[in-house]
Amino acid sequence: MVASAFLPELWTEILIPVCAVVGIVFSLFQWFIVSRVKVSGDQGASSSSGGAKNGYDDYLIEEEEGVNDQSVVAKCAEIQTAISEGATSFLFTEYQYVGVFMVFFAAIIFVFLGSVEGFSTESKPCTYDSTKTCKPALATAAFSTIAFILGAVTSVLSGFLGMKIATYANARTTLEARKGVGKAFIVAFRSGAVMGFLLAASGLLVLYITINVFKIYYGDDWEGLFEAITGYGLGGSSMALFGRVGGGIYTKAADVGADLVGKIERNIPEDDPRNPAVIADNVGDNVGDIAGMGSDLFGSYAEASCAALVVASISSFGINHDFTAMCYPLLISSMGILVCLITTLFATDFFEIKAVKEIEPALKNQLIISTAIMTVGIAVVSWVGLPSSFTIFNFGTQKVVQNWQLFLCVCVGLWAGLIIGFVTEYYTSNAYSPVQDVADSCRTGAATNVIFGLALGYKSVIIPIFAIAISIFVSFSFAAMYGVAVAALGMLSTIATGLAIDAYGPISDNAGGIAEMAGMSHRIRERTDALDAAGNTTAAIGKGFAIGSAALVSLALFGAFVSRAGVHTVDVLTPKVIIGLLVGAMLPYWFSAMTMKSVGSAALKMVEEVRRQFNTIPGLMEGTAKPDYATCVKISTDASIKEMIPPGCLVMLTPLIVGFFFGVETLSGVLAGSLVSGVQIAISASNTGGAWDNAKKYIEAGVSEHAKSLGPKGSEPHKAAVIGDTIGDPLKDTSGPSLNILIKLMAVESLVFAPFFATHGGILFKYL
């Protein structure tokens, strides 16, 4: 008899929901502090935190310069409302389409999984232990469908609430920037923390409640219980796909249109209120970078948890019904919330930012501090939550594993995430030579800029791939596929901090846009630009995390799928598998082509509309007439809703078609192929786009002598940098981040439908 965990079951049942509730309460507390900054005429601007230290007694720049404070506040409030309404209206339209898909796909799950046993309601022998009886396939079908809907709804809510928080905070960040860069930073960061903690805690809480409710029916049949739970990950990721693709097309169509006509043709600054696409551009930051990223990381978290739970249910944890050890993935996430809570206080309360140069180190320290404390946290969880020795299912055999080995599996994922984050920063921050070289190449025009940028993106793949490869080798050697799944969870354990840093970027970007549109002084715009430049790099780090964790999650799900479908070995030399590999490796290119073309065609319409308004509205360039913002918002909305459907269908239908017609071996090849090529393209696309963006900002800021020699705004090198940035926009914000969803989603969908494919799949090979 294998020993059970040190932590009693009752404590586990209390600890997990308590940690989740603590996370939710902390996020509400942060939101309350942000809400004390007033965006109304009755009170200029309150503070971002208590006491004179944080600003109640500060004089405002406007008061010193004798500018009417009230009119600026009113203007900020008006712009904030326009951005918030645009974002809300787009998401509601998107969710109507997604809702129809959700109902349709839920029906497919129920019918396909129910047909495995011919819709029988009788108990069946268990898949992995035929001496025991398990609940009927119809029950798995029904509960998988419920889990799918729960995951989808939680994912949609994560994205929507994130967007609401960001649009609530953007003008408040602008107003606080009048007091100093530190005050603005704290508001933007607190607002990001609201989203990070709300998402991490609600994802954990919903999953925990779902497991306990399903347990009432399943009883001792943990194999069936956790197989049904995989629907939760599928729901989360399928919504994230549409959120990422739809939001990405929206934001980049507006951004490209605004930049090409505004900066290059009309030579007006970024976010100038005369530019008709400026509101659509700021709306796009919220629906793409915030709502899309929120759903994406929620999907990763849900899938990593599901992959670990499925493997654990057929290991000694599940066989011996050791609930504490079974909940090890959830205990890691619970510890992660507490660790991130402490880490956040370092940025908001323990240290105060006084100068621009302190912003980026403060954000990087968040990653280092959370990783260091989390290492200790994982050691504690592994000691109290796991037996000293146990067995893990490893493709038909049980592998004996020690608790310290599982601790190392989680740590290797956690630290690989940090390495990927810092390598991404090195290649995308304008503080280092790679981006400065790209900026320098703008001297000879846009063509050399594009060549340098592409080379940088390809080169930036090398170290992250080695980090992922080493973490896979170590974690698989120690604990088979369960090790890979918990390594992915290790990478995602500090998700609350990661999301806070990530959401901070678009909030700062919006704050700069509002400052420009409200006609605030150039000193305030400089402060918001400094916040935004740091946010750009941290957004690239966030994407690096998302892609790295997606690779590990996808592999863990792949392992669970192969086990569930009864495939003992995936032999690359058999024609069934090799054709799958080739097609799978092609899919990320097909998907990227669809999303890039969508951005291009939507941007084309946007450019034509912006040109039309500049040419036909008298007094627009002089600033005496107002542009028609609503038409540009409509162009972005219509294009993104229409264009998100084909790439979404490609990803969702491929596993179903391949599994049904060609069988599980070919599908294994497709999953492996898409994982291998998708990760490479995703990293290079994200980093290329990020480098081009920051090369442009490097020239615009003109901080160093080198940057000054390339500037100022409007110079030929600057125009070349803007073209590079425009090409990079769809790479870094549409295709790149969506690819990590492609590789995860196809794997989790294959796992959910594995019983159906194992029973009815491969009809072409059966009859050929």
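**Close-up views of a predicted model**

View 1. A salt bridge here is a side-chain nitrogen of Lys or Arg within 4 Å of a carboxyl oxygen of Asp or Glu. Helices (H or I, at least four residues) are DSSP runs, numbered from the N terminus. Arg611 is partly exposed, with a relative accessible area of 37%, and Glu265 is also partly exposed, at 40%. Buried means under 20% relative accessible area, exposed means over 50%, and partly exposed lies in between (1.4 Å probe, protein chains only). This is a predicted model, in which local features need pLDDT of at least 70 and side-chain atom pairs count only at pLDDT 80 or more, while totals for chains, interfaces and linings use all residues. Residues are numbered from 1 along each chain as its sequence is written, and side-chain values use heavy atoms, with hydrogens and water left out.

View 2. Lys263 is buried, with a relative accessible area of 7%. Asp259 is buried too, with a value of 2%. A search of the whole structure finds 31 salt bridges.

**View 3. Ile264 of helix 6 lies 9.3 Å from His718, C-alpha to C-alpha.** In sequence, Ile264 and His718 are 454 residues apart. Ile264 is partly exposed, with a relative accessible area of 22%.

**View 4. Lys697 and Asp532 meet in a salt bridge.** The distance from N to O between the two side chains is 3.8 Å. Lys697 is part of helix 21 (residues 664-701) and Asp532 is part of helix 17 (residues 522-564), so the pair ties together parts that are 165 residues apart in sequence. Both Lys697 and Asp532 are buried. Salt bridges that share partners join Lys697 and Asp532 into one network with Lys252, Asp255, Lys543, Asp693, Lys696, Asp725, Asp729, Lys732 and Asp733.

**View 5. Helix 14 crosses helix 13 and helix 21.** Two packed helices are described by the angle between their axes and the distance between the axes. Axes are lines fitted to C-alpha atoms, for helices over the stretch in contact, and angles run from 0 to 180 degrees between N-to-C directions. The axes of helix 13 (residues 433-440) and helix 14 (residues 446-459) come within 8 Å and cross at roughly 160°. Helix 13 and helix 14 are therefore roughly antiparallel to each other. Angles under 35 degrees count as roughly parallel, over 145 as roughly antiparallel, 65 to 115 as roughly perpendicular and the rest as oblique. The axes of helix 14 and helix 21 also come within 8 Å, and cross at roughly 135°. Helix 14 and helix 21 are therefore oblique to each other. The crossing of helix 13 and helix 14 is right-handed, and helix 14 passes helix 21 in a right-handed crossing as well. Right-handed means that the near helix is turned clockwise from the far one by less than a right angle.

**View 6. Five residues form a nonpolar patch on the surface: Leu10, Ile14, Val18, Val22 and Leu338.** Together they have about 390 Å² of accessible area, computed by the Shrake-Rupley method with a 1.4 Å probe, where for residues only the protein chains shown count as cover. Patches are made of residues with over 30% relative accessible area and no salt bridge; nonpolar side chains (Val, Leu, Ile, Met, Phe, Trp, Tyr) are joined within 5 Å, and like charges within 9 Å. Helix 1 (residues 9-35) gives the most to the patch, with 4 residues. Val18 is found in helix 1 and is partly exposed, with a relative accessible area of 43%.

**View 7. His321 and Ala480 each have a positive phi.** His321 is not a glycine, yet its phi is about 55°. This residue lies in the loop between helix 8 (316-319) and helix 9 (323-326). His321 is partly exposed, with a relative accessible area of 27%. Ala480, also not a glycine, has a phi of about 50°. Ala480 lies in helix 15 (residues 462-492) and is buried, with a relative accessible area of 1%.

Conventions. Helices (H or I, at least four residues) and strands (E, at least two) are DSSP runs, numbered from the N terminus.
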